[in-house]
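Visitor: I'd like to learn how to read a structure like a guide would. Could you walk me through it, starting with a single residue?

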Amino acid sequence: MTEKQERIIKSALELFAKSGYEATSTSKVAKAAGVSEGLIFRHFTNKEGLLNSSLELGKQKINAKFLKMLNIDEPYSRLHGVICFPFDIKEEEYYYWKLLYAYKWQSDVYDSSMTAAIRNTLIGVFGSLKYVDPETEADLLISILDGIATSILLKNPLNMEKVKLALLAKYWL
């Protein structure tokens, strides 16, 4: 990916996350990225292509982080990694996450592949830890983590360190 493509995607992520996909024109993205609108069309075909490229790039980054967790054999350590994941979102990644959440809430289509991978991982962890109902426990934890991520992204993190410690303690971590 070229430097200009990266600037375009970064600008698109920021504008889509702040203003919403529908309210963001390719001309606004071009202006923010310091490129011509034609360059956006050349690289991404249209606004939807730009959105898809932005989401795909973020998904690749998340998957790379998630793969590190999957390489952890010890169940408690893997569970620790999953729980800490939303607390470790770097501020420079907020735009991607905000876009992902906004897209999830505003779209009729949602890519559940990332959630499914986390769910399957947690079911395996809770199964190996002999939970009575690993699937329900996985769904519960995913719901909690989703709420935590939302709070962090909305910059309303009340006592997040205490919340993290409480959640880790709940699972004896």
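**Reading the model together**

Guide: Gladly! Lys 130 counts as exposed, because its relative accessibility is 71% (exposed means over 50% relative accessible area, buried under 20% and partly exposed in between, with a 1.4 Å probe and protein chains only). This is a predicted model, in which local features need pLDDT of at least 70 and side-chain atom pairs count only at pLDDT 80 or more, while totals for chains, interfaces and linings use all residues. Residues are numbered from 1 along each chain as its sequence is written, and side-chain values use heavy atoms, with hydrogens and water left out.

Visitor: Where is the place of Lys 130? And what is its phi?

Guide: Lys 130 sits in the loop between α7 (113–128) and α8 (helices are DSSP runs of H or I with at least four residues, strands are E runs of at least two, and both are numbered from the N terminus). Lys 130 is not a glycine, yet its phi is positive, about 65 degrees. Trp 172 is likewise a non-glycine residue with a positive phi, about 55 degrees. You will find Trp 172 in the segment after α9 (160–170), and with a relative accessible area of 64% it is exposed. Look also at Lys 155, which follows α8 and has a positive phi near 55 degrees.

Visitor: Stepping back, how many helices and strands does the secondary structure of the chain come to?

Guide: Nine helices and zero strands. The C-alpha trace spans about 55 × 30 × 30 Å along its principal axes, and 42% of the 173 residues are buried.

Visitor: What does Thr 150 touch, leaving out residues up to four places away in sequence?

Guide: Thr 150 lies in helix α8 and is buried, with a relative accessible area of 19%. Its partners, on that count, are Tyr 101 and Trp 105 (contact means heavy atoms within 4.5 Å).

Visitor: Which residues of the largest nonpolar core touch the most other members?

Guide: In soluble globular proteins, nonpolar side chains tend to be buried together. Here the largest core has 52 residues, and Ile 8, Leu 50, Leu 79, Trp 97 and Leu 141 touch the most other members. Helix α8 gives this core its largest share, eight residues. (A nonpolar core is a set of buried Ala, Val, Leu, Ile, Met, Phe, Trp, Tyr and Cys residues joined through side-chain atoms within 4.5 Å.) Leaving aside neighbours within four places in sequence, Trp 97 is in contact with Ile 62, Phe 85, Ile 89 and Leu 153.

Visitor: Is Leu 167 buried or exposed?

Guide: Buried, with a relative accessible area of 7%. Leu 167 belongs to helix α9 and touches Ile 83, Leu 141, Ile 144, Leu 145 and Ile 148, not counting residues up to four places away in sequence. The C-alpha atoms of Leu 167 and Cys 84 are separated by 9.4 Å, although the two residues are 83 apart along the chain.

Visitor: How much of the contacts with a separation of 6 or more do residues 24 or more positions apart account for?

Guide: In this chain, they account for 65%.
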